[in-house]
Amino acid sequence: MIPVVSATFTRQTFRDSMSVSFTVGMYGAAFGAASVAAGFSVLQTSLLSLLTFSGASQFAVIGVIGAGGSAFSGIATATLLGIRNGLYGMRMAPILKVRGLKRIVASHITIDESTGVALSQEPRGDHAMQAGFWFTGFGVFIFWNLFTLAGAFGAQAMGNPAAWGLDAAVPAAFLGLVWPRLLTISDRAIALAAVALAIALTPISPAGLPVIATAGLAILMGLNRKSVTDDE
Amino acid sequence: MNKLWWGVIGTSAAVFALKYLGQSIPEKYLSHPKIRSINGYIPIVLLSALIGVQTFTEKTKLMIDHRTLGLGVAILALALRAPFPIVVISAAASSAALYHFS
């Protein structure tokens with residue numbers, strides 16, 4: 001599956017890919033623990049990491065359903081978060097140039113990290129970008145799933161999530177995911193607005209809806225923004 | 001089949017469909033600046049909303065409890081540029097400590 005590339009740039013690309021893969025894989029332990037704490041079985045937790053394989057979407061579906069939301073609101077929230085994987089695919093397709101089974105595999109590993117490493121290899125050329133994509137995609141897949149299993153079994157052994165602080169570890173993990181995205185004042189303002197809106201809606205709407213409703217904030221902000229780069 | 005299984009299967013199918021769609025349709029169809037801009041805000045609002053709901057609510061009630069301390073510690077850890085595992089573990093430890101005290 002990995003294209004043949006010359007060894008000179010592959011070693012550095014491989015090193016970049018593996019360091020990203022291992023670091024990100026550790027988030028899998030947080031996901032595994034959170035998923036079991038939310039009421040999912042170890043099997044369901046592992047299947048989410050194997051089949052969904054997109055961290056934010058996975059955290060969203062277990063978060064919404066775990067808080068009492070319907071399957072529909074869980075899936076809808078996860079799907080909104082999965083849209084960016086589609087945008088990454090559009091960015092990567094002209095570089096990867098794959099069809100058939102290879103395209104199916106490439107699609108599955110089209111995530112933040114594989115796309116990020118691939119784009120970071122741009123100065124080394126198309127072959128390095130392809131190598132970075134495949135190395136990182138497979139690397140994260142392996143570590144993410146191994147750590148998921150470890151986290152899930154760990155949480156299962158613990159019992160009461162609150163006694164071990166797992167109920168606070170989950171929002172802390174979300175915070176760790178969103179923190180690097182809060183680059184500008186308006187990013188921070190919209191994040192706080194989303195927290196406030198979701199909390200305010202909770203007593204008056206069915207579980208799961210308060211989270212999805214905040215997508216309206218993103219649409220409002222996005223439509224009113226003059227250009228993509230004006231506050232960066 | 002219960003809602004947990006629907007969640008697992010539905011999410012996996014939907015996310016894969018989006019990934020495959022992205023690899024298969026020309027970039028021009030979704031590269032409008034406003035779509036990109038909205039898409040940039042989507043993770044921020046949804047993850048922030050999840051933080052709010054999971055920290056300050058229990059079913060349909062609002063509450064401030066041990067989880068609030070955990071989140072505060074996580075914010076502090078991130079402000080001090082702590083790595084991800086430290087952020088999560090320090091939040092869990094402080095929350096668990098308060099849970100046992102109260």
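In which handedness of crossing does α3(A) pass α4(A)? The crossing of α3(A) past α4(A) is right-handed. The model described here is predicted. Chain A has an average pLDDT of 87, and chain B has an average of 90.

**Helices α3 and α4 of chain A**

- Helix α3 of chain A covers residues 55–66 and helix α4 of chain A covers residues 71–96; their axes come within 8 Å and cross at roughly 160°.
- Angles over 145 degrees count as roughly antiparallel, and α3(A) and α4(A) are therefore roughly antiparallel to each other.
- On the α3(A) side, the residues that meet α4(A) include A:Ala56, A:Ala60, A:Val61, A:Val64 and A:Ile65.

**Helices α6 and α7 of chain A**

- The axes of helix α6 (residues 112–120) and helix α7 (residues 126–158) of chain A cross at roughly 155° and come within 7 Å.
- This angle makes α6(A) roughly antiparallel to α7(A).
- The crossing in which α6(A) passes α7(A) is right-handed.
- From α6(A), the contact draws on A:Glu113, A:Ser114, A:Thr115, A:Val117, A:Ala118 and A:Leu119, while α7(A) contributes A:Met129, A:Gly132, A:Phe133, A:Thr136, A:Gly137 and A:Val140.
- The contact of α6(A) with α7(A) consists of 6 nonpolar, 5 polar and 1 charged residues.

**Annotated spans of chain B**

- An unreviewed UniProt entry places the feature "transmembrane region" at residues 41–57 and 69–93 of chain B.
- Residues 41–57 of chain B are 94% helix and 6% strand, and the end C-alpha atoms of this span lie 23 Å apart.
- Residues 69–93 of chain B are 84% helix and 0% strand, with end C-alpha atoms 10 Å apart.

**Confidence**

- In chain A, 93% of the residues score a pLDDT of at least 70; in chain B, 95% do.
- Among the elements of chain A, helix α1 (residues 7–37) has the lowest mean, 83, and helix α2 (residues 42–52) the highest, 97.
- Where pLDDT is low, predicted coordinates should not be read in detail.

How values were computed: Residues numbered from 1 in each chain as written. Chains lettered and ligands numbered in written order. Predicted model: local features only at pLDDT ≥ 70, side-chain atom pairs only at ≥ 80, totals over all residues. Heavy atoms only, no water. UniProt positions renumbered as here; feature names shortened; annotations may be inferred. Helix = DSSP H or I, 4+ residues; strand = E, 2+ residues; numbered from the N terminus. Axes fitted to C-alpha atoms, helices over the stretch in contact; angles between N-to-C directions. Parallel < 35°, antiparallel > 145°, perpendicular 65-115°, else oblique. Left-handed = near helix turned anticlockwise from the far one by under 90°. Contact = heavy atoms within 4.5 Å. pLDDT = per-residue confidence, 0-100. Nonpolar A, V, L, I, M, F, W, Y, C, P; charged D, E, K, R; others polar.
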